Amino acid sequence: MNFSEVFKQSNQLCKVSPDGKYLATCVQYRLVVRDISTLQILQLYTCLDQVSHMEWSSDSLFILCAMYKRGLVQVWSLEQPDWHCKIDEGSIGLVSSRWSPDGRHILNTTEFHLRITVWSLCTKAVSYIKYPKACQKGIDFSTDGSYMALAERRDCKDCISIFVCDDWHLLRHFETETQDLAGLEWSPNGCVLAVWDSCLEYKVLLYSLDGRLLSTYSAYEWSLGVKSVSWSPSSQFLAIGSYDEKVRILNHITWKKIVQFEHPAVIENTKATVYKEVEKRPAEVRDEFSLHNVTMDSTLFSTQSKYEICSLPVQIPAVKPDPDRANPKIGVSVLAFSSDSRYLATKNDNMPTAIWVWDMQKMSLEAVLEHTLSVRCFLWDPCRPRLALCTGNSKLYLWSPGGCVSVQVPVEGDFQVQSLKWHCNGDSVILLGKEQLCLCYMDTEQEEKLNS
Amino acid sequence: MPDSSQVKDARRCSVECGTPPLRHFSQSSLALPRNSQSLRTFCTEHNMQECLSYIKQEVSLLSLSPFWTELDDDSQLNVVAVLNCMYDLIQLHHRSLRTLENMEMEQLKLSSYVDNLKTNNTHLKEEVELSKRQNTGLLERERQLHLKLKSLQSSLKNEKDEVQKLQNITSSRACQYNHEMKRRERELNKLRERLNQLLADKKERKQTIDLLNNLGRADGKRSLWKTEKTEAKHEEEMYRTLLSDYELRQRELALENKELRKVMQQIKKEMVSILKSRKLALKEEKQELNGMQTASDDEENEVFDSSKESLELFCIHAREKLTNSIRLQWRRLKSHVEKLDSQGVDDVSREEKEEMDRLKLEIQQCKDFIQTQQHLLQRQLSSPIDQDSASLQNDGLMLQEKMRLSEEWKSLEEQRRIFERERRNYTEAAIRLSHERKIFEEDRALWLKQQFLSMSPFGNSNQPHLLKSASALLITETEVGSLNASEMPHECQSVLVSQKSRSVSLTSSSTDDLESALCLIPENGSSEHRKSELFGDFNSLHENVPLRRKQWKESKDLSSHSLSEENSTA
């Protein structure tokens with residue numbers, strides 16, 4: 001495993017281009033584009049204000065930089081550095097900005113979600129979409145980029161509009177049976193739209209592409225409901241994480257629950273392995289090299305840690321949430337399927353130090369990873385079943401079916417990994433600290449060792 | 001009236017005559033029987049005196065006043081007294097009658113009382129029974145009420161929990177609503193502010209876009225006008241996507257179905273074959289099996305049928321037939337297996353028993369054998385002692401022999417190792433020698449050249465010296481090397497040679513090395529020497545030990561010799 005040197009970034013804005021060749025980072029008001037293999041600066045652009053949001057276009061030719069305070073969006077071209085584009089939203093304000101899937105339109109959401117303005121970079125034409133809903137996830141593009149689903153609210157009722165991204169033609173518009181729509185997501189095959197209600201009501205609706213209601217699913221009433229929803233990449237499963245600390249999996253044929261995964265505080269009666277992160281004193285230097293215990297050279301003041309397998313029963317530390325606060329820190333908030341749909345990683349908010357990995361073939365718990373600090377971010381490798389996670393300290397943790405590893409990031413100074421991103425070919429991970437970023441190149445040999 | 005009195009007397013006498021319990025006789029018959037016969041039986045003319053005496057006796061017993069005078073022998077009966085006596089007797093009789101009456105009354109009363117008590121008793125018993133029954137009934141009711149109470153308590157607890165849960169839910173929902181309300185209020189406030197700002201703001205900044213130049217479309221095509229045609233095309237596209245997805249899914253499901261059906265048919269075939277073979281093995285259930293075979297034949301036919309029908313994937317009947325037939329076969333197989341298991345268990349147990357018996361027999365035989373052996377051994381041991389000593393001696397000799405052999409082996413191994421090393425060193429030395437010879441030849445050639453050249457009028461003094469020193473060194477090296485190679489079959493030899501080859505310029509350091517290396521020899525030699533001494537104590541028979549001693553002595557001498565040599569050279 002090789003680590004690159006540390007670069008500056010601000011606002012956790014660091015993205016790899018869709019074709020995997022370039023890395024764009026924002027440092028205050030500058031946009032820096034590097035080559036991913038050499039990390040040499042290829043282009044440097046200066047924006048008018050501090051960048052709030054940055055996004056690559058789908059063809060990796062343009063980068064969008066949005067400055068919400070100023071209500072400005074600037075687009076930069078990689079091929080033609082002289083080309084410039086500036087969109088000024090004026091007095092109407094700007095809350096969010098994104099590319100369309102074809103990379104030639106920009107959708108800006110105005111302040112107070114009054115409307116969505118669709119700017120065309122080909123014709124300078126403008127279209128407006130009225131009454132978009134301000135919710136957790138109100139807009140989603142299908143995977144092939146041909147359709148866009150938008151949640152709207154008219155006359156105190158939720159409805160969904162499906163647009164054809166080619167010419168922004170409204171294909172379907174229908175009301176949904178939700179009380180307060182919280183989010184929508186296309187299935188990876190683009191044929192089914194999953195719509196879920198806010199946490200006050202457990203309701204998941206499945207609509208076909210042409211607007212027909214296929215099925216409704218509601219596990220229980222009254223208690224706080226859905227917290228997170230995720231499709232499996234094969235579109236076979238829909239995982240629903242809820243506030244009752246359970247994950248329910250629906251199948252794509254009958255849209256009924258096939259299995260329910262629970263997150264108990266005491267784990268027993270399971271064939272899963274429980275890995276626990278154990279910290280060692282800094283002075284010790286381990287010379288051994290085993291699957292579960294690989295530590296790189298570290299600085300004097302950082303503690304080394306390794307994973308140890310615990311024997312059952314194991315108690316996972318749980319934090320009881322404050323009952324008087326809204327959106328309590330309880331329930332399954334993050335669901336992530338691996339790229340081959342074989343594994344599902346979940347995080348239960350009242351056990352923030354543990355990540356649970358479930359095997360979808362056996363429909364059972366595969367592993368539990370427990371750490372000393374709360375897990376901040378975890379993502380699957382886009383190509384293979386390998387999970388990378390970080391807990392806000394200077395270590396990178398990797399799990400694969402062969403074992404798991406805790407790697408110290410060999411960076412001088414205080415580098416705390418706040419979040420991470422995988423490169424699209426799965427060979428490297430971008431680690432983002434507060435104001436810094438570092439690339440970690442995976443070693444294929446070690447990866448084989450891990451997988452053996 | 002003496003006759004009447006006599007008659008009365010007689011009568012009385014008749015009454016009182018007879019058997020001893022006269023009173024009883026008199027009491028039992030309250031009424032005096034006025035039989036004339038009885039008159040005659042007690043008193044007659046002949047036994048008057050006796051009767052009289054008897055009566056006197058009785059009267060005196062009854063403590064009545066005597067009615068006779070006892071002056072004369074012929075006791076005169078005082079009529080008055082007799083009458084009084086009779087009157088007393090009558091009174092007595094009346095009294096007794098009265099008492100009898102009273103007693104009878106009493107008895108009647110008592111009997112009625114007893115009857116009364118009896119009835120009371122039965123009544124009370126009945127009452128007790130009734131109350132007992134009532135008691136058990138009440139206890140039963142109490143128990144049921146207890147149970148009901150418990151169930152009610154548990155349901156109350158459940159309800160309480162439910163209430164608590166609902167309260168929690170409502171509180172969380174209320175929390176959520178409040179949060180939402182606050183958020184919306186904040187948003188509203190922001191909107192208001194914005195509105196005010198906009199109203200106050202004269203300058204309205206419009207939305208603008210500033211592009212350097214228009215971009216081409218991503219796919220390179222020209223954009224089309226929005227017409228009905230395009231709309232229709234979009235619809236078509238959408239339905240096509242949906243249809244293709246459905247088709248794909250259907251195809252996958254059909255494939256899966258086919259696979260599963262294949263597997264099921266295979267299972268069925270195998271089950272049929274297994275059952276057929278079982279049929280051959282079990283003879284008792286022939287009839288059953290015959291019946292089954294026919295059924296399985298039918299099944300086979302069915303199999304063929306269904307394979308024909310497999311093309312029609314949606315034939316429900318074929319599917320049902322297949323699943324039903326498999327279920328049937330499986331049930332039969334299961335029952336067969338169970339039967340076999342139970343039989344098999346018996347067989348197994350039988351086999352186990354046989355095995356156990358065999359093993360036991362074997363054990364017994366072995367034990368007997370051991371015992372006979374022991375007997376023989378003891379007999380042998382109990383024989384005279386000199387045999388013991390001889391055997392001990394033999395044992396001792398054997399041990400010695402063994403030790404000697406092992407030592408010899410060790411020494412041989414060591415020698416072999418040494419020889420190997422020597423050989424290696426020889427080869428190395430030979431190689432080095434050839435190298436050195438080459439160098440020497442070159443040097444010589446150089447020297448000769450030099451000499452030839454220096455035959456000039458201006459001869460350089462420096463060069464020949466240098467060359468000399470180099471060659472001289474080489475000569476000493478080769479000398480020592482050869483000396484070491486021939487005379488010292490030892491470990492440090494290689495050390496010496498290697499040391500020499502390294503340090504060409506400094507002789508002092510090499511001699512130091514030599515000495516340090518040579519210092520090893522006496523130490524090693526001493527340890528070896530000690531070993532040889534030990535051997536000397538035990539084995540007087542061996543010849544190799546003194547030889548070895550000699551060997552080590554020789555080496556020691558050699559070492560000292562070489563030391564002295566080196567000292568001389570240094």
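Select B:Glu235 and A:Arg172 to begin the tour, since here the two side chains meet in a salt bridge at 2.6 Å, N to O, a salt bridge being a side-chain nitrogen of Lys or Arg within 4 Å of a carboxyl oxygen of Asp or Glu. Between chain B and chain A the count is two salt bridges. This is a predicted model, in which local features need pLDDT of at least 70 and side-chain atom pairs count only at pLDDT 80 or more, while totals for chains, interfaces and linings use all residues. Residues are numbered from 1 along each chain as its sequence is written, chains are lettered from A and ligands numbered from 1 in the order in which they are written, and side-chain values use heavy atoms, with hydrogens and water left out.

**The interface of chains A and B**

Next, select the residues of each chain that have heavy atoms within 4.5 Å of the other, which is what contact means here: the selection takes 54 residues from chain A and 43 residues from chain B. The area buried between the two chains is about 4,600 Å², and carbon and sulfur atoms give 55% of it; buried area is the accessible area (1.4 Å probe) that two parts lose on being put together, summed over both. On the chain B side, highlight B:Gln207, B:Ile209 and B:Leu215, which lose the most area to chain A and together make up 16% of what that side buries.

Polar contacts can be displayed next, and the count between chain B and chain A is 22 residue pairs, both residues at pLDDT 80 or more. A polar contact is a pair of N or O atoms within 3.5 Å; within protein, one must be able to donate a hydrogen and the other to accept it, and residues adjacent in sequence count only if both atoms are side-chain atoms. Colouring chain B by element shows that α5 (79–200), β1 (208–211) and α6 (228–281) each give two or more residues to the side that touches chain A, where helices (H or I, at least four residues) and strands (E, at least two) are DSSP runs, numbered from the N terminus. Of these, α5(B) gives the most, with 14 residues.

Now select β1(B) together with strand β10 (residues 84–88) of chain A, which pair in the antiparallel sense over four bridges; two strands pair if DSSP finds at least two bridges between them. Within this pairing, A:Cys85 stands opposite B:Leu211.

**Inside chain A**

Which strands does A:Trp255 sit between? A:Trp255 lies in the loop between β25 (246–251) and β26 (257–262) of chain A. These two strands form a hairpin with five residues between them, and A:Trp255 in the turn has a positive phi of about 55°. β25(A) and β26(A) pair in the antiparallel sense over five bridges, with A:Leu250 opposite A:Lys257.

Moving on to a salt bridge within chain A, select A:Asp59 and A:Arg104, whose side chains meet at 3.1 Å, N to O. A:Asp59 lies in the loop between β7 (53–56) and β8 (62–67) and A:Arg104 in the loop between β11 (96–99) and β12 (105–109), so the pair ties together parts of chain A that are 45 residues apart in sequence.

**Backbone stops**

Most residues other than glycine have a negative phi, and most peptide bonds are trans. With that in mind, centre on A:Leu39, which has a positive phi of about 60° although it is not a glycine; A:Leu39 is placed in the loop between β5 (30–35) and β6 (41–46) of chain A. Finish at the peptide bond from A:Leu312 to A:Pro313, which is cis, with omega near -5°, and where A:Pro313 is found in the loop between β29 (305–310) and β30 (314–315) of chain A.
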